[in-house]
Amino acid sequence: CYVLPSVDVSGFNTSNVTLMNQMFFRCYAFTSLDVTNFDTSNVTHMHQMFYGCYVLPSVDVTNFDTSSNLRFDGMFEACLSLTSVDVSGFDTSNATQINNMFKNCQSLTSVDVSGFDTSNTIAISNMFHGCYVLASVDVSGFNTSSVTQMHQMFMRCYAFTSLDVTNFDTSNV
């Protein structure tokens with residue numbers, strides 16, 4: 001749907017959906033998207049859900065129940081115009097992959113991942129790669145003891161003024 005500016009999914013019954021991976025993949029021209037009514041309580045895969053939504057300035061995912069989700073990798077990757085996204089309420093306790101989650105979100109100015117439970121996560125590589133204007137991100141509480149992939153996690157984060165990774169366990173990397 002390369003040139004489609006929006007789609008009305010407000011009436012979707014997603015209560016039995018388990019896979020939402022690549023749902024809006026490469027919807028380059030989306031300027032708006034309302035997913036606030038989505039029931040995501042049974043969803044196990046959200047990887048690359050919004051990948052390549054180049055001009056989408058925002059998306060409200062605050063109502064997402066992510067307690068069953070295993071994969072967030074590339075969820076917002078290449079959302080070039082996304083300035084902020086509220087993922088502070090995401091339950092990531094079952095997540096094994098959060099790599100590429102915000103990769104190439106070139107306009108992202110803020111994101112709160114301080115509450116992410118990464119105790120079961122094995123991949124965080126490229127998570128913020130290419131977030132050019134993001135000045136800081138709090139990953140100080142990340143449990144990286146199971147992580148085996150964390151390469152280029154902060155590559156091309158040109159605006160970073162501080163970063164605390166002192167608690168990162170890199171023994172498995």
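Asp8, Asp34, Asp60, Asp86, Asp112, Asp138 and Asp164 gather in a patch of negative charge on the surface of this predicted model. A patch is made of residues with over 30% relative accessible area and no salt bridge, with like charges joined within 9 Å and nonpolar side chains (Val, Leu, Ile, Met, Phe, Trp, Tyr) within 5 Å. The place of a charge is NZ of Lys, CZ of Arg, CG of Asp or CD of Glu. The areas themselves come from the Shrake-Rupley method with a 1.4 Å probe, and for residues only the protein chains shown count as cover.

A word on the ground rules: residues are numbered from 1 along each chain as its sequence is written, and side-chain values use heavy atoms, with hydrogens and water left out. As the model is predicted, local features need pLDDT of at least 70 and side-chain atom pairs count only at pLDDT 80 or more, whereas totals for chains, interfaces and linings use all residues.

Now for the salt bridge (a side-chain nitrogen of Lys or Arg within 4 Å of a carboxyl oxygen of Asp or Glu). The structure holds one, and it joins the side chains of arginine 71 and aspartate 73 at 2.7 Å, N to O. Arginine 71 is partly exposed at 22%, while aspartate 73 is buried at 9%.

The aromatic side chains come next. Rings of Phe, Tyr and Trp (its six-membered ring) pair if their centres lie within 6.5 Å; planes under 30 degrees apart are stacked, over 60 edge-to-face, and the rest tilted. The whole structure has 15 aromatic pairs. In one of them, phenylalanine 24 and phenylalanine 50 have ring centres 5.8 Å apart and planes at 10°, so they are stacked. Ring pairs link Phe24, Phe30, Phe50, Phe76, Phe102, Phe128, Phe154 and Phe160 into a cluster.

What about disulfides, meaning cysteine sulfur pairs within 2.5 Å? A search of the whole structure finds zero. Cysteine 105 is in none, its nearest cysteine sulfur being that of cysteine 79, 5.3 Å away. For cysteine 131, the closest cysteine sulfur is in cysteine 157, also at 5.3 Å and too far for a bond.

| Residue | Relative accessible area |
|---|---|
| Phenylalanine 24 | 4% |
| Phenylalanine 50 | 0% |
| Cysteine 105 | 0% |
| Cysteine 131 | 0% |

Finally, the backbone. Most residues other than glycine have a negative phi. Asparagine 126, however, has a positive phi near 60° and is buried at 8%. Glutamine 152 has a positive phi near 55° and is partly exposed at 39%.

Notes
A disulfide is a pair of cysteine sulfur atoms within 2.5 Å. Buried means under 20% relative accessible area, exposed over 50%, partly exposed in between (1.4 Å probe, protein chains only). Lys and Arg count as positive and Asp and Glu as negative; His and the chain ends are not counted.
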